[in-house]
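Here are my notes on the structure you asked me to look over. Have it open while you read.

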Amino acid sequence: MGEDKVLVAVVVALCLVGILAVYSVDPMRGEGWGVRSFFGRQIIWNIAGWSLFLFFAFLDYRFLARGGWLFYLLMCLSLGGVLLFGTGDETGARRWLFSQSVQPAEFAKLFLVLFLGFYMNANKEEFDSYALLLKSGVLSLVPVALVFVEPDLGTSLVLLITWLGTLFVCGFGGRKLGVVFGGLAVLGSSGWLFLKEYQKKRIMAFLNPWKDPLGSGYNVLQSQIAIGAGGLTGQGWLSGKQSQLRFLPARHTDFIFASFCEQTGFLGGALILLLLGVLVWLSVRIARNALDLEGKIFASLIGVVFGFQFFVNTGMNMGIMPVTGIPLPFVSYGGSALLVNLAMVGLLYNIANSRRKEVGRRRFG
Amino acid sequence: MWDKETAERTYHRIGILGWILFAFLMGLFLRLWYLSVLQGDWYRERSERNWVRIIPLQALRGNVYDCNGKILAEDLPRFRLVLLEGSMKVEEARNKVEKVLGRGLGSEFREIAPGEIVLLEDLSLEEVIKVEEAQGDLPGVVVESYPLRFYPASEAFSHVVGYVGKVTSEEFKSLGPLGYEVWDRVGKGGVELFYENLLRGEKGYRRIEVDALGRVRRVLENHPARFENSIVLTLDRDFQEYCYGLLGNHRGTIIIGKPSTGEVLVLVSKPGFDPNDLVKGLSTEKWTKLTQNEAKPFTNRAVQATYSPGSIFKLLVAIAGLDEGIISAQTTFFCPGFLEYNDKHYYCWNRTGHGTVNVEKAIAHSCNVFFYNLALRLGPEKIASYAQKFGLGVKPDFDLPGVKEGFLPTPNWKRQARREIWYPGDTLNLSIGQGYLLVTPFEIYRLLCGIATRGKIYRPHLLKGVLDSKGRLIKDNRAVLEREIRIKESTWNLLINGMKRVVTQGTGYACRGIPVELAAKTGTAQNPHGKDHSWFGGFFPVENPEITFLVFVENGGDGSGEAAHIANDLIRWFLEKRGVERGRR
């Protein structure tokens, strides 16, 4: 089976797991399949997402890449729009446009990948130069900063990692990478001063959750308890006490991994890890085998974006990463994220498929 | 610069990326394995602590009944508001509950169990409904039922039945090892304290499943609190309430019982207090008002206070004189109203004198001079030894806590304690129940019982029987003959005849006309602080005594006054409501 087909199979499986997981913790489950239920909406988002997948899968990605600056502009405008006209959510952060229907920060992930792929390819003569490092850095830090001030620490980290991944993949020298990481470390530690109080608390809670088990350490502890209580085979479908009795916060979004693990145990959790692992591994493989630099950068950046979110989310569920509001790709409830993720899978499919066509043409043409 | 080398490096870097991702993935797998498989049991237990609450249920106490099956103490179900910790901040809960109930809560909240805070006790039914209706706004606030001790007869039984209270931190040191917790109830006085082991029930608990908001989802296990035993007392609720009323505004005590079994029917001490107030918990202000009250409402005057017995003690002197053969029925002394001894005059209460008196007349008219003469011949040691035989100055074996004994003075004691010699004047004072001599009313009551039964001393008791939790009698507390005092029959006859004449001819005139033959004796205890204390005690019917009574009224004047009038009323009440088997005239 070709890697494009494996890719689709893995992502379909992930989306099904996601729908089931959302269903299992849906507070509106009792009210049927209506649009008020979370899993009902998740299904609708899946349908929309797979349409987007088709669009990205069969459009020539080299044509798509030419719109680089357009994506960059769209990204900056929508992010700026959030800051100007956005609506807040319960935490007080402004993250939404069009009355809580679109989260531009999620789309920024896709746009930044598309833009960086285009931009680096266009400037490949300048690879491994401080000039390109600086230019790409400044361009990337604009959306990073815009998302950071929403505030949405998690997504801004994803965007930052996308840029760092770009530098790494594009072969920038070890010393230059060292300078960038060193600079970010200094910036990060001085940035502690600018973190919001709740963000500081989250990081402290990650370091020692037992210090305040009912306050800032609550999320971290409850999700670990849920996973641990699941044991090897889980407490059974729809019967995890942590999630059903709502001790676990954000059961259908950030902590969906923990609620799934509580019900299905190590086996269910391992299935999610395996599926996402395969997806990331496929991205890397597709990147390596891509015929052109754009394809390579696109695919590897998609791998980085998926991988980073995957690791941070499951890591925070298991208490080995600080709590940052990063959803689990394909599984967490959320429309914007699902659309963007499926679009990126479409792009991956596109890259994998065009190589196969190319190889086929060479062989038989 | 884009060249072959850069292209290769890019290819290479993507490979490295793959390995980094692989390493992370392995880390995640290991962590998942560690959490759910290696540490699974530990986390499952942590999870259970989240959603399983164990609510301890306060132990129930057995009931206390009177001899006719009327309730003296029982547990009534009441409701209280409990906040399950972790669901809401205490202050937040207070504000919300105050809004719902429209009244303020106390300033201090008690923790009845780890993580459970009592916001309010003794809710009315309307308030319970209000809280239940507002349940959505009050996560973690649950209405819980608990037993509240209730004493329907209130003040009249405050001393003898006692009351219950929370285990104090001081009591916890000794009660803790017995399984008590600081929020448990324990008897604090009277039979509630004395029969704590019988009345104390078993604690229960309830395991419930709660959600993250502390809302009860279902009961997993219910292990209700129970009680093992109820007790039946010898006391007669109606009689005791009547007697308590009889004392009116006086301070004093009334003890009534059956001399031939030791059963105590009435044991009141006035002033009392309302035990129901104490059970609910008094404010510090009210508490100090009670404890520092100069009338000492917490003292059970019947068994915990000592007084001079006054003339009622002459009965004992007469017994000693007759039994020792110092006087006989025929022995007379002349009473000119005083006795001259060592150039000093010792007066009779009747300054005009009683003339020639024998022992019967001396008792009937309570002639001091007769007993002065007798005591001088008898000596203080003999008097003390007879008093001791009848239980004076000896702590009685009685089922109440904190029972005290009186004090019998002897020359020996005076020499050792006071470093003074015993003067004949001391003997004269002793003979009429004054001076150093102190008795508890209960001791005088027992003296009268001993005379009524002609020397058969039955163990006094309040416990009539023990019931099991279904109300079946499992132990019947029968009469126990403690000891028998050997005294000549003629002595008893003379003494009792004298006591009969107290009523018919002497100082007990207030009780004339009662339709039963009565033997009694008055007493007047001189009180340097105010009006004399008034004693009146006796038994009836004389032929076959069924009831012994003793009335003591502080500042009641002389014995023929207040105490005798009260005795008159209570005897008539008893004859009318309860009756005696024989000896009715």
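The points below go through a helix contact, a pocket, a cavity, the domains and some backbone details.

1. Ground rules. This is a predicted model, where local features need pLDDT of at least 70, side-chain atom pairs count only at pLDDT 80 or more, and totals for chains, interfaces and linings use all residues. Residues are numbered from 1 along each chain as its sequence is written, chains are lettered from A and ligands numbered from 1 in the order in which they are written, and side-chain values use heavy atoms, with hydrogens and water left out.

2. Helix against helix. Helix α10 of chain A (residues 218–230) packs against helix α1 of chain B (residues 4–38) at about 75°, and their axes are 6 Å apart. That angle makes α10(A) roughly perpendicular to α1(B); the label covers 65 to 115 degrees, while under 35 is roughly parallel, over 145 roughly antiparallel and the rest oblique. Axes here are lines fitted to C-alpha atoms, for helices over the stretch in contact, and angles run from 0 to 180 degrees between N-to-C directions. Helices (H or I, at least four residues) and strands (E, at least two) are DSSP runs, numbered from the N terminus.

3. Who touches whom. From α10(A), A:Gln224, A:Ile227 and A:Gly228 meet B:Arg31, B:Leu32, B:Leu35 and B:Ser36 of α1(B), with contact meaning heavy atoms within 4.5 Å. By class, that contact has three nonpolar, three polar and one charged residues. Ala, Val, Leu, Ile, Met, Phe, Trp, Tyr, Cys and Pro count as nonpolar, Asp, Glu, Lys and Arg as charged, and the others, Gly among them, as polar.

4. The largest pocket. Its volume is about 1300 Å³. A pocket is an open set of points on a 1 Å grid over the protein atoms alone, with protein on both sides within 12 Å along at least five of seven lines; a cavity is a set where a 1.4 Å probe fits but cannot get out, and lining residues have an atom within 4 Å of a point. Grid points are joined across faces, edges and corners, and a volume is the space filled by probe spheres set on the points. Of the 37 lining residues, A:Leu157, A:Leu160, A:Ile161, A:Leu164 and A:Leu184 are the closest to the centre. α7(A) gives the most to this lining, with eight residues. The lining has 30 nonpolar, seven polar and no charged residues.

5. The largest cavity. A search of the whole structure turns up three cavities of 30 Å³ or more, and the largest has a volume of about 80 Å³. Its lining includes B:Lys258, B:Tyr445, B:Arg446 and B:Lys456. By class, the lining has six nonpolar, one polar and three charged residues.

6. Domains of chain B. The assignment, automatic or from a database, gives domain 1 (56–205 + 223–233) and domain 2 (237–577). Their centres, taken over C-alpha atoms, are 41 Å apart. Domain 1 brings 37 residues to the contact and domain 2 brings 35 residues.

7. Most residues other than glycine have a negative phi, and most peptide bonds are trans. A:Glu150 and A:Pro151 are joined by a cis peptide bond, with omega about 5°. The bond from B:Lys270 to B:Pro271 is also cis, with omega near 0°. A:Leu238, not a glycine, has a positive phi of about 65°.
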